Amino acid sequence: MKAMLTKSLGLCLGLMLVACGGKQAKKGTETAKADIPTLTLEIEKPQLTFGFIKLTDMAPLAIAKEKGFFEDEGLFVSVEAQSNWKNVLDRVIDGQLDGSHMLSGQPIAAGAGFGRQAELVTPFSMDLNGNGITVSNDVWSKMKPNVPKDPDGKPAHPIEADALKPVISEYKNNGKPFKMGMVFPVSTHNYEIRYWLAAAGIHPGMYTADNVQGQIDAEVLLSVTPPPQMPATLEAGTIYGYCVGEPWNQQAVFKGIGVPVTTNYDIWKNNPEKVFVMTKKFIDKNPNTAIAVTKALIRAGKWLDEPSNRAEAVKILSMPQYVGADEVVLANSMTGTFEFEKGDKRSMPDFNVFYKYNATYPFYSDGIWFLTQMRRWGQIPDPKPAAWYEETIKDIYRPDIWMKAANLLVEEGHIPASDIPETDGYKPATADFIDGNTYDAKDPIGYINSFEIGNKDDSSL
């Protein structure tokens, strides 16, 4: 017997569901026990194709497939690497992909008026942290004397962009604009490298309707480079540094062509990174399928954050159909460490977070942060009232879908009830940023106005 899932969150746990194999659901916290049945939904579309970019943080997709979590939900999923983030966005909107690993800013921009417009939905946040900023060996050799030292003589972290300012000036005096790469105009990477630079008084440039490159008044020229091409572009001297996800910072260390100088954990502690995205049309037509997908991904996140599973995760991600990087490169960040200068490997247990700290829950406050940065840098060209930020994000971030999936996982015994956050969708205000500035998602205009560099809005809006 199978049962249809109602749309009401309150009725979710009262559904008539049948456990696979006829066994009653067991209470427990382990993820992959053979004697824990999965409650089956009436799946509208079992055959699915999902996209991803070759980055470590696509891991929940790979694990959900390789560990059988999709299959447990009655889903038969193909996972396909895509060439770049624009291709990912276009193929999801056009229906060639049923869903995809995506930059957090992509569904938000699509619903907020920047770039290609579409109704996209995020029911699942894929990870926290996971990015770094890397510079060329030449730039690092010039930065390093400006960096304070720890008692052991190593560079003191976090390294702020103040150490880069004289290097930028030297390049400018020699008639060379200082060029750095990021992965997409609405990527976390773009906003993180801008935040890092601007916190040191370095202007990263503004966007306008006439300048979609975002380089007006820029002291550093930022341009788009697909993640896997970052190391080669740095080595060729086309750019002098970049912000990217793993394993492409560690690859620069491995190849001896560059030095990571900071991570996004230090720019914004436990910041949201990628999301899983489907179209609103797909979810409206296939609501149970969307819940089943989210269930499998939550289980994958939990599996990934068991330290004993990370070595196996590295092996899976190193497979050519997934990230395809050497295991030693992937392990540098995935097993609780991060290497800066060659040989300067430091403990960073939270560099990649896939489940703890409610990492998989799509918080409205995470999405609103991206909207504030789009407005700060001019991608949203006109001022908006404070209510607009909340209204816009609630059409895109869908914690109701996540909640239905998570409640079913509690019923099945796959996760404890304590892993479901009691929240209105907003995290508390935080000052865990490299400049100590406080972010309160319930006061987006005040936050935008708190920065010296960037747009300013009328707080009476």
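This is a predicted model: local features need pLDDT of at least 70, side-chain atom pairs count only at pLDDT 80 or more; totals for chains, interfaces and linings use all residues.
W268 and F433 are both buried.

A pair of aromatic rings is described by the distance of the centres and the angle of the planes. The structure holds 24 aromatic pairs. In one of them, the ring centres of W268 and F433 are 5.0 Å apart and the planes meet at 20 degrees, so this pair is stacked. The two residues come from distant parts of the chain, 165 residues apart. W268 sits in the loop between α10 (264–267) and β13 (274–279), while F433 sits in the loop between α17 (399–412) and α18 (444–449).

Another aromatic pair is formed by Y361 and F363, and this one is tilted: 4.6 Å from centre to centre, with 55 degrees between the planes. Y361 has 4% relative accessibility and therefore counts as buried, the limit being under 20%. F363 has 5% relative accessibility and counts as buried too.

W268 and F433 also belong to one aromatic cluster, formed by Y191, Y195, W268, W369, F370, F433, Y439, Y447 and F451.

| Charged residue | Ring | Distance from ring centre |
|---|---|---|
| R376 | Y195 | 5.7 Å |
| K442 | Y426 | 5.1 Å |

Y195, the ring under R376, is a member of the aromatic cluster that includes W268 and F433. In the other case, K442 lies over the face of Y426.

Methods. Residues are numbered from 1 along each chain as its sequence is written. Side-chain values use heavy atoms; hydrogens and water are left out. Rings of Phe, Tyr and Trp (its six-membered ring) pair if their centres lie within 6.5 Å; planes under 30 degrees apart count as stacked, over 60 as edge-to-face and the rest as tilted. Helices (H or I, at least four residues) and strands (E, at least two) are DSSP runs, numbered from the N terminus. Buried means under 20% relative accessible area, exposed over 50%, partly exposed in between (1.4 Å probe, protein chains only). A charge sits over a ring if NZ of Lys or CZ of Arg is within 6 Å of the ring centre and within 35 degrees of the ring normal.
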